[in-house]
Amino acid sequence: MKNNIFLYLFVFAALLALFQYVTGNNMQKALTSDVGQLEEKVLQLEDSLQNMHLKVLDIQYFTLQNNDDALAYYEHLDLENPLLYIQDKLLETNEQKGDNPLIPYEGMESDFKINKIKVLNHKWILADFSDGKYWGDLIIKYELKDDLSVDFTLAEHLLYAPQDY
């Protein structure tokens with residue numbers, strides 16, 4: 001009887017060891033597979049990040065802040081950030097009652113105001129305007145003078161046709 005107990009105990013221990021080995025082996029294969037998939041995902045995300053970085057650099061190509069030749073025009077002025085100064089001056093034109101004076105259209109839903117601004121270089125600005133329902137784009141010439149005043153002149157304008165959804 002005692003020999004049977006040891007035999008059963010030995011068989012049970014052997015089955016337990018075999019079960020642990022198979023389970024551990026399957027777990028190792030699953031974890032290795034997961035690590036491989038995650039490594040592939042990381043490579044894809046790194047490539048995607050690289051592509052996005054290149055797109056950002058491409059988009060930033062036509063900006064004052066990345067144009068050293070255009071920024072050289074403002075070195076003699078005591079401005080920490082000429083880009084923000086010019087944007088602020090343009091946004092100040094929105095403070096007037098009624099439509100913005102640079103926008104050659106009358107607002108239909110409310111007053112047309114400038115929303116987004118992109119300073120291209122030391123002479124040109126792209127701007128977006130809207131009255132809440134209708135919108136358009138502007139190309140504005142500007143001149144930042146030595147007394148830090150800014151003259152804005154409308155060069156081109158476009159009002160988009162309304163889109164009925």
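Which residue of strand 2 does I114 stand opposite? Select I114 and F129 together: in strand 2, F129 is the residue opposite I114.

The model is predicted, so local features need pLDDT of at least 70 and side-chain atom pairs count only at pLDDT 80 or more, while totals for chains, interfaces and linings use all residues. Residues are numbered from 1 along each chain as its sequence is written, and side-chain values use heavy atoms, with hydrogens and water left out.

Next, display the whole sheet. Four strands form an open sheet in the order 1-2-3-4, with antiparallel pairing; strands are DSSP runs of E of at least two residues, helices are runs of H or I of at least four, and both are numbered from the N terminus. Two strands count as paired if DSSP finds at least two bridges between them. Strand 1 (113–119) and strand 4 (150–159) are the edges; each has a single partner strand, so one side of each lacks a neighbour in the sheet.

Select strand 1 and strand 2: six bridges join them in the antiparallel sense, and a hairpin of four residues connects the two.

Move to strand 3 (residues 135–144), which pairs with strand 4 in the antiparallel sense over nine bridges. Here K141 has T153 of strand 4 as its bridge partner.

Finally, select N94, located in the loop between helix 3 and strand 1. N94 is buried, with a relative accessible area of 15%; buried means under 20%, exposed over 50% and partly exposed in between, using a 1.4 Å probe and protein chains only. Leaving aside residues up to four places away in sequence, N94 touches N100, K113 and I114, where contact means heavy atoms within 4.5 Å.
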